[in-house]
Amino acid sequence: MRIQERWSRITGCICSKGARANENVGKNAASKQATKTSKLSVSSSKRDEAALEVDGATNQHRNNNESSTFVPSNEDNKKSAKTSALKACRILSLTSGQKGAHVIAGWPSWLTAVAGEAINGWVPRRADSFEKLEKVGQGTYSNVYKALDLETNKTVALKKVRFSNRDPKSVRFMAREITILRRLDHPNIMKLEGIITSKMSDSLYLIFEYMEHDLSGLLATPGVQFTETQIKCYMQQLLLGLEHCHSHGVLHRDIKASNLLIDQNGNLKVADFGLATFFCLPQKQPLTSRVVTLWYRAPELLLGATSYGVAVDLWSTGCVLAELFAGKPIMPGRTEVEQLHKIFKLCGSPSDSYWERSKLKHSAISKPQQPYKCCISDTFKDFPSTALALLNVLLAIEPEDRGTASSAIGSEFFTTEPLPCDPSSLPKYPPAKDFDTKVRDNDSRRQRGTGGKRRALEAMKKNFRGARAVPAPDANAELPASTQIRKGQPNTESISKQHNPAGYGGSDLTC
């Protein structure tokens, strides 16, 4: 009996140990599974934090709470939210983390690889969420379309940027415009509202508010003539926008009437920052002089300057001011040489000291033999005196004399009667854009060309009928030529030259 009792005790101990061991194995397996699930949850959480960069990872903590089996206290919520935010910051502060966030957000790799900083914090829009309505603009590097945002039912402008996504330099050039637009925030500057692209796309659209007019289109509209108070209103808005650009280290480098957009409420906004760049003083890197549309290009750029500042934008602004009063561009040169000549004739030529200290690239071949005097006031006698005073400053031939956007805003032109009107009081015009004007001009030229070709064809037919009625000057004129050909001898003179010694066309006059 005692032996049996001892044996039962031993087996009982063994069984109980086995049971406990099985229990421990089950616990360990459950713990491993929980750990694995936790790791997966953390990995998913990181992806969510990267994808929700725009929202600052604010929803991350809520998602974690919903998947938990316990109800944490408010203090725990605060700590967890703080931890999630710190994780998101750490993830997104790393280059690889940023690229991961961009990929998850849907940006194409060719953009994130070289210009990730331009799209940080944004998610691309889908192309199928917009409906193109019509083409409303065309530039050197872009096309602009009027479109409908199907998600908001709002009319927008889509700017399709032309670039090569296989060329990193081209992508950086395009991305610079995005970076600049995101830095600027002012009522008189077009605001970038979003970007359309996708992982598989090789194109890119910038989304802007749709504006009904541009200044060039309004100027070309028959019957539209601005009053002094209206011109002051537009110019004041332009200078306020430029002041904001320059104070944020941005040069626009393509100010012209067609890049100044106007909405139905009279608000003017500076657009098209495709040639814009950042600048700082002192300037360390040379800039290109191949910027600004020719009619609005400052003389130092035409002379090849690679070191310049806000003065190039102020020169263009002066050209716009004169254009508003004159009703047309004041210096429409066809070539750079002709443009520089027009500038010297109107604004005078630089002083000898300027030529010496500037040492510009094209100084030697561009310096006039005789100096020109400024004749702006004589040329535009009908302009208001305060407008002429400001124009003489903005179109000063030497850059340092043009002042700043702030000094122009404080000039007498804006502080004397009549004062600038309120934008909301400006007349309501039908939609007018420079692109529409060019289309109409091209159509009319095409029609004139078609009519001219038709008239020329009719004249040729008439001449041909008349030629058959008139005997040839010499019925045997072609005989020597045909005889030479039969003999195998080349004819040294063409038949047309035999009948027309002066040359083809019947005249040796030149024009």
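The model is predicted, and local features need pLDDT of at least 70, side-chain atom pairs count only at pLDDT 80 or more, and totals for chains, interfaces and linings use all residues. Residues are numbered from 1 along each chain as its sequence is written, and side-chain values use heavy atoms, with hydrogens and water left out. Helices (H or I, at least four residues) and strands (E, at least two) are DSSP runs, numbered from the N terminus. Most residues other than glycine have a negative phi, and most peptide bonds are trans.

**Cis peptide bonds**

- Between Leu281 and Pro282 the peptide bond is cis, with omega near 0 degrees, and Pro282 sits in the loop that runs between strand 10 (277–278) and helix 9 (299–302).
- Glu417 and Pro418 are likewise joined by a cis peptide bond, for which omega is about -10 degrees, and Pro418 is found in the loop between helix 17 (412–415) and helix 18 (434–469).

- Asn153, a residue other than glycine, has a positive phi near 60 degrees, and its place is the loop between strand 2 (142–149) and strand 3 (154–161).
- Asp272 also has a positive phi near 60 degrees, and lies in the loop between strand 9 (268–270) and strand 10.

**Exposure of these two residues**

- Asn153 is exposed, with a relative accessible area of 61%, where buried means under 20% relative accessible area, exposed over 50%, and partly exposed in between (1.4 Å probe, protein chains only).
- Asp272 is partly exposed, its relative accessible area being 29%.
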